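Please study the sequence and the structure shown here. The briefing that follows is arranged by topic for a reader new to them.

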Amino acid sequence: MAPAAPQAQGAGPQQAWYDVPVLVTGGAGFIGSHVVDHLVAAGAAVRVLDNLQAGDEANLESSAERIDLRIADLRDAEAVAEAVAGCQVVYHIGANASVPASVDDRDYDFHTNTVGTYNVADAVVRHGVRRVVYASTAAVYGPPQYTPVDEKHPLNPISPYGASKVASERLLWGYAHTFDFELCALRIFNTYGPRQPRYVAYDLMMKLARDPRRLEVLGDGRQQRDYAYVDDTARALLLAGSIPLAGPEVINISGGRTVTIRELVDLILHTLRLTGTEVVYGLPSWKGDIEVLSGDIAKLSALGWSPRVPLEEGLRRLAVHLGLIPGDKA
């Protein structure tokens, strides 16, 4: 008989997760490490699997003494099975999460994302895991046919990364139906904040740190993005681990506010207190880039979630974390 599920309704986070054995793949990475911190704070017994290719042990500093860290690769089926054994809930966050990297190293992207997900799914079946929470991506949608994009939007990825995540979603969906475990896949649009190693907000801030007089921007600046602060994304992932599910479920995560890259640049310049910076648009972007990423979060909001950190405050926290402006680190 499967272990009892942590209850989302009518229970505080400590009651919901206390002593629940949880595995977080990719738990030393940007989003994964924040999920680990939230789970540890809620009293879960957390195990982390990460190959440290993109993750960093320093991201786990605040939780290090309360977790079981396994340094291993998702492509290693035996290591994955050993990490899954004994867990009730698996947060499968580990992946290549870079579109350019998926173009440059297709082999790593496919085997880490798709074969790695098979290794997780197979271990979940063999060890009787009750629930899998899968960190998917808005890249599965491809260029939007309408906005904001809801969960019923067709899946038309235009990058190897997006394709590998579609394949992983479908594999988990089929396994969940066949082998009767619970599945919640979260399609994450854009997440930013402390510990991120790349992506637009971070990249723009680091360019300005190197040269505050001139900023070169990929694309014409009219691209649209919907940003969620990492703490808000982590809360949504925790919620997905405990809500009642009638069957496999898919839910979008985004910040609920779409801005253009030009607007984002203006916000960052204001955050860093820079004036007179020459901003140059039009640099070529990467293959597989999607012009508009704007997510419908009605489904997530109906579960009681809402973003708590406005974009302006989140950018301030990121700038403080990077040491670009004074302030207390979040």
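**Briefing**

Thr277 counts as buried because its relative accessibility is 15%; buried means under 20% relative accessible area, exposed over 50%, and partly exposed in between (1.4 Å probe, protein chains only). This is a predicted model, in which local features need pLDDT of at least 70, side-chain atom pairs count only at pLDDT 80 or more, and totals for chains, interfaces and linings use all residues. Residues are numbered from 1 along each chain as its sequence is written, and side-chain values use heavy atoms, with hydrogens and water left out.

**Confidence**

- The protein has a mean pLDDT (the predictor's confidence in each residue, from 0 to 100) of 94, and 95% of its residues reach 70 or more.
- Over residues 1-14 the pLDDT is below 50, and beyond near neighbours in sequence this stretch has 21 contacts in the model; a contact means heavy atoms within 4.5 Å.

**Thr277 and the strands**

- Thr277 lies in the loop between helix 9 (261-271) and strand 12; helices (H or I, at least four residues) and strands (E, at least two) are DSSP runs, numbered from the N terminus.
- Leaving aside residues up to four places away in sequence, Thr277 touches Leu208, Pro212, Arg213, Arg214, Leu215 and Leu269.
- Strand 8 and strand 12 (residues 278-283) run parallel and are joined by five bridges; two strands pair if DSSP finds at least two bridges between them.
- Leu218 has Leu283 as its bridge partner in strand 12.

**Leu264 in helix 9**

- Leu264 is placed in helix 9, and Leu264 counts as buried because its relative accessibility is 0%.
- Not counting residues up to four places away in sequence, Leu264 touches Val200, Leu204, Tyr227 and Leu315.
- Between Leu264 and Gly221 there are 9.0 Å in space, C-alpha to C-alpha, although the two are 43 residues apart in sequence.

**Cavity**

- The structure holds one cavity of 30 Å³ or more; on a 1 Å grid over the protein atoms alone, a cavity is a set of points where a 1.4 Å probe fits but cannot get out, and lining residues have an atom within 4 Å of a point.
- The volume of the largest cavity is about 30 Å³, a volume being the space filled by probe spheres set on the points, which are joined across faces, edges and corners.
- Among the residues lining the largest cavity are Tyr141, Phe189 and Ser294.

Technical notes. 1 Å grid on protein atoms, 1.4 Å probe; cavity = no way out; pocket = protein on both sides within 12 Å on 5 of 7 lines; lining within 4 Å.
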